[in-house]
Amino acid sequence: MQDVNKVLHYVSIMDRAGEETFIMNVFRSIDRNQVMFDFLVTENREGDYDKEIRSLGGNVRHFSKIMRGGPIKRFLNFFKLKRYLSPLSKEYTTFHIHTQHAMDAMLDALSAELAGFKTVVVHSHSTSTLYHLRAHFLCRPILNKMPIVRLACSDAAGKWLYGDDGNYEIVSNGIITDNFLYDDNSRKTIREEEHWNDRIVIGHVGNFTYPKNHSFILDVFIVFLKKHPDAVLALAGKGTLMEEAIQKAKNLGISDNVRFLGSRGDANKLFSAFDVLLFPSHYEGLPVTLVEAQAADLPCLISDAITTETDISPKLRRMSLNNTAEEWAKALDEMIGDDNRRNVKDCIISSGYDIGVTVKRLTEIYRGNR
């Protein structure tokens, strides 16, 4: 019997969000007789995927960071993480770090190396950060020289974490294509359950955080309502800015038309039920949501701040965030009415975003075939 390579993924929490969705797609699809995943999370609470992780044979470990102490807390966390990882290096072959900040990646990777991990992977999933920009740029050259495996979900995400001359490999955010293909029965079922019936449904899937730009989504939707007063805005996700969005919908007087769906495990069905996806992000790495939505042949209106590597379908349209809410609403209106939803499986596979391609490459990395 062949040895199983055990990988410890390091994330904040396994909730239904960007890179976590990607990791779970890989975990569901990888040959678990060859590679097994466990997760080290820094938030001390139950995550959306914890039960599924355990059902697939994985474990969820908790590591509490020191949260106070100014800049020195990062170095205290460095030593604390090293101590925590030292006994685990005998159990796991790979420590896989998911982050958007070069300083965090550098310190976490060094902790894992000193703890004895044979392989350390750093994976970039974003193109910006909300904190310590100077430290990020200072640490990028160091990170790019370390003896680690450098991965990115897109070229833009790679340049962000490792620099313009960075040495990294792009591993696409693959999806389980068959799960996201348009399904007429799913559309009818969801629309009946949510009482959307024949109303126009503008959808968004993503946690309520700054990059997703929910405030602007509401600005666009209130303009759209002037022409389509019975339309629905369906927002799936949760997060720190959710209450702020709920309050803004109330202040705008559109609460009856906005549905806050919370964290959903049936995003594949939602994409079939939506009429258009509105995705005006400030920045992204390579959002899995857009790949999933295009697999459902859903028209997508997105910001031009998102990498063009997401562009698979002719039904995807880009706009600048410098355009007004009125201009965005007009574009949405122009995209309504495309009822010809097709099976686009071949298109997704040929674009390289099927999970099979991703799993094959990651298995090679985890088993030392780099």
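This is a predicted model: local features need pLDDT of at least 70, side-chain atom pairs count only at pLDDT 80 or more; totals for chains, interfaces and linings use all residues.
Biologist: What makes β6 and strand β7 (residues 169-170) a pair?

Modeller: Two strands pair if DSSP finds at least two bridges between them; β6 and β7 have 2 bridges, in the parallel sense, so they pair. Strands here are DSSP runs of E of at least two residues, helices runs of H or I of at least four, numbered from the N terminus. Residues are numbered from 1 along each chain as its sequence is written, and side-chain values use heavy atoms, leaving out hydrogens and water.

Biologist: Why is the unit of β5, helix α5 (residues 133-145) and β6 called right-handed?

Modeller: With the strands pointing away from the viewer, a right-handed crossover runs clockwise from the first strand over the helix to the second. The β-α-β unit of β5, α5 and β6 is right-handed. Strand β5 (residues 119-124) and β6 pair over 4 bridges in the parallel sense, and Ser124 stands opposite Ala152 in β6.

Biologist: Why is Thr310 called buried?

Modeller: Buried means under 20% relative accessible area, exposed over 50%, partly exposed in between, with a 1.4 Å probe and protein chains only. Thr310 has 0%, so Thr310 is buried. Thr310 lies in the loop between β12 (300-303) and β13 (316-319).

Biologist: Which way do the residues of β6 (residues 149-152) point?

Modeller: Val149 and Leu151 point one way, Arg150 and Ala152 the other way, and all are buried. In a regular strand, side chains alternate between the two faces of the sheet.
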